[in-house]
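Here is a quick tour of a two-chain model, written for someone who likes to have the cut-offs at hand. Have a look at the sequence and the coordinates before reading on.

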Amino acid sequence: MKDVTARIDFRGNSQAVSPAMVVATQKNARTALMKRSEVVVEFGEERWQQLRRAGREVRLHALTHLDRYLSMVEENVIAAGGQVHWARNAEEAHRIVFDIALQNSVRNIVKVKSMLTEEIELNHALEGRGIRVYETDLGEFIVQLAGQRPSHITAPALHMTKEEVAALFREKLKVDAQPDPKLLTEIARQRLRKEFLTSEMGISGGNFLVAETGTLILVTNEGNGRMCTSLPPIHVAIVGIEKVIPDWESAAVMLKLLARSVSGSKITAYNTFITGVRKDGPREFHLVLLDNGRTQILRDKMARETLMCIRCGACMNICPVYNQVGGHAYGAVYPGPIGSILTPLLIGTRIAGGLPFASTLCGACSDICPVMIPITEILLHLRRRFVEGDDFEGSSISGTLKAIAKVGRYVLGSPSLYRLGARMGKIFQAPLRSGDWISAMPSPLDRWTMARPFPAFRGDFRGWWKKHKDAKDISGGKAS
Amino acid sequence: MSKGKSAREEIFAKMRFALESFSSSPIYPLPASAKFEPRVAAGLDEEIEKMLREVTRLSGHALKIQGRDEFADALGNLVKTEEVRTAALSDHPRYGDYGIVDMLKSFGVALLSPDGDKRRLEDCDLGITVGDAALPETGSVLLRTTQGQPDVLSLLPRVHLVLIAKETLLADIHYAFTMAKADRHFVLVSGSSRTADIEKVLTLGVHGPKSFHLWICD
């Protein structure tokens, strides 16, 4: 694990969020959720819940037998003329892809949007080695041109207005771009057609791997997924080891859940099913199966269900926190509630331990999750890991804080020390107090007063209790 | 860690170690609770109506066509409204019955071969395919990739017309998978290529066809 990485400062990031970002995020979420509830009603609420339970069982079962199903995938892909590679981490995945590119003198690559390749920063690694990578999903193309990071896993450029996109196209593509989504889309179409037809390699992720036949399922709306996997002579698919499902019956269940949860469509425009190499398709098919921390998550009984995620983004759309700050505040590839558990599990609480605290624990994410991941429970588990440490990671809080907590426990546990402390508080607050409030406290207590004033110690409950315990009007407070 | 081990060995070792703690008696194969009853079809007429409705909802153009004359009219219309000058078609035997090739020629449309150089399809106005199955539930068409009906035929041309026989309507995606799962490649197509990536405005024709036509023929 990398040790010299700055901690993700959710609080700081969220303060830098522009109001426009919040508006765009909420608009996106509202549209997706409204359409989602319409298709769920049409599907039948009760049937939908049955479908969710089935989806959960499929994913849980696949994880329980992950080794067996991955062996099946490997065997079937090889039998169908494909090649299978295993990567322990991002660097190994980079090397595998780069080696394939090198052997085939690849200079240009067209790419389908994939969260996994964002996770391992593949584009960066390839471009560092002199290979051009073109993101071909419209939103991802925009984000790549702008040198940014996606703000939502299924709507990467939702934070940009059409005016911003037009300005970006004018600057980077040197074209006359008007702020009209249709015209802008046409520009991207023209621009990328050429790359689809001439690039020597296509890279995709994968939504599912069907073990029964070794089939890669790819779900896209724009058609770029089909272009990237049909036109270039080499197709490399990079897929996390958790993406496997047992058979085609489960594929039907998962696809019914996925499109409805993503955007409220009954189905995505294009579902592509690729098994190894075919006549007239790419002459080589490579499947790169990536661990990158997933086997470690699998070991954690409390957190392993995180791996059931099918990346639909519904938890983001419903999340009250995400809707106030947008995706970039999470400072990592996976934002929102799922990001708050997945990111610390992948890169450690030392870096991402703040994220599980960026939640109200309202539970809306678990309620909407198509495969019923207990996100709130895992958030609590990771908060505990951050503070106390567990079998997987040590505690991430400072020794000073821990010492203060220890002293606090001792003082609060003893009536006489508690009483003494309460009296001292009243005395020490005097220089800070103005009226009923303390507006600024010294560090580290200023973390509180940076956001809001602290109420001054005024009353004395014990004294009050002594005076009133025999009186009749004690209960209501309204009588006095 | 174990430097000698290959990545594959190490990943499997880690997986197996993690899975030991999963459950003392894991169920295999897939339990019944992971299954979901497929949808049951309504009557044929109702299913056809649903198919037409769903395709329209996906901003596609759907028609029910009876007989050769109606077909010729519809094709003439399509050629005119979509300004089709070149077309490529699948080698499916169904075309013989209708004589589409002659019809297109009579409308002054030049024909391209669907296989061979993929780049040529790029300049093609219309790609005509035959659906192997249709799913009224979602308005989807199953296209099994063959040499005479390559994937790019329904992808590169500006307009995509797919012909569907009534008998190929299936109640649930599950049955489409049963039909095609042994294939090396197939696609489910539902409407035209679309995006809402800029300000949530639905835009058709990003990378694939800009317009999608589906005709249910008898």
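## A helix pair in chain A

H2(A) and H12(A) sit oblique to each other, the label for whatever is left once angles under 35 degrees are called roughly parallel, over 145 roughly antiparallel and 65 to 115 roughly perpendicular. The numbers behind that: the axes of helix H2 (residues 19-43) of chain A and helix H12 (residues 248-263) of chain A cross at roughly 140° and come within 6 Å. Axes here are lines fitted to C-alpha atoms, for helices over the stretch in contact, with angles from 0 to 180 degrees between N-to-C directions. Helices (H or I, at least four residues) and strands (E, at least two) are DSSP runs, numbered from the N terminus.

Which residues do the touching? From H2(A) they are Ala32(A), Lys35(A), Arg36(A), Val39(A) and Val40(A), and from H12(A) they are Arg260(A), Ser261(A) and Ser263(A). By type, the residues of this contact of H2(A) with H12(A) split into three nonpolar, two polar and three charged. The classes are nonpolar for Ala, Val, Leu, Ile, Met, Phe, Trp, Tyr, Cys and Pro, charged for Asp, Glu, Lys and Arg, and polar for the others, Gly among them. A contact means that the C-beta atoms of two residues, placed from the backbone, lie within 7 Å.

## Ground rules

This is a predicted model, where local features need pLDDT of at least 70 and side-chain atom pairs count only at pLDDT 80 or more, while totals for chains, interfaces and linings use all residues. Residues are numbered from 1 along each chain as its sequence is written, and chains are lettered from A and ligands numbered from 1 in the order in which they are written.

## The two chains overall

Chain A has 23 helices and 13 strands, and its C-alpha atoms fill a box of roughly 90 × 55 × 50 Å along the principal axes. Of its 480 residues, 50% are buried, that is, with 20 or more other C-beta atoms within 10 Å of their own; exposed is 12 or fewer, partly exposed is in between, and C-beta atoms are placed from the backbone. Among contacts in chain A with a separation of 6 or more, 70% come from residues 24 or more positions apart. Chain A is divided into domain 1 (44-292) and domain 2 (429-474), with bounds from an automatic or database domain assignment. Taken over C-alpha atoms, the centres of these two domains of chain A are 56 Å apart.

Chain B has seven helices and eleven strands, and its C-alpha trace spans about 70 × 45 × 40 Å along the principal axes. Buried residues come to 46% of the 218 in chain B.

## An enclosed helix and the loop after it

Helix H8 (residues 138-146) of chain A has seven of its nine residues buried, so it is largely enclosed by the rest of the structure. The buried set is Leu138(A), Gly139(A), Glu140(A), Phe141(A), Ile142(A), Val143(A) and Gln144(A). What do they pack against? Their partners are strand S3 (132-135), helix H9 (162-173) and helix H10 (181-198) of chain A, plus strand S9 (194-195) of chain B. Just after H8(A), Gly147(A) takes a positive phi of about 65°.

Ala155(A) lies in the loop between H8 and H9 of chain A. Is Ala155(A) buried or exposed? Ala155(A) counts as buried, with 27 C-beta neighbours inside 10 Å. Beyond its neighbours within four places in sequence, Ala155(A) contacts Asn28(A), Gly139(A) and Asp197(B). Ala155(A) and Ser263(A) are 108 residues apart along the chain, with 9.6 Å between their C-alpha atoms.

## Loop residues to check

Ser105(A) is in the loop between helix H5 (90-103) and strand S2 (108-111) of chain A, and is exposed, with 7 other C-beta atoms within 10 Å. Lys200(B) is in the loop between S9 and strand S10 (203-204) of chain B, and is partly exposed, with 16 other C-beta atoms within 10 Å.
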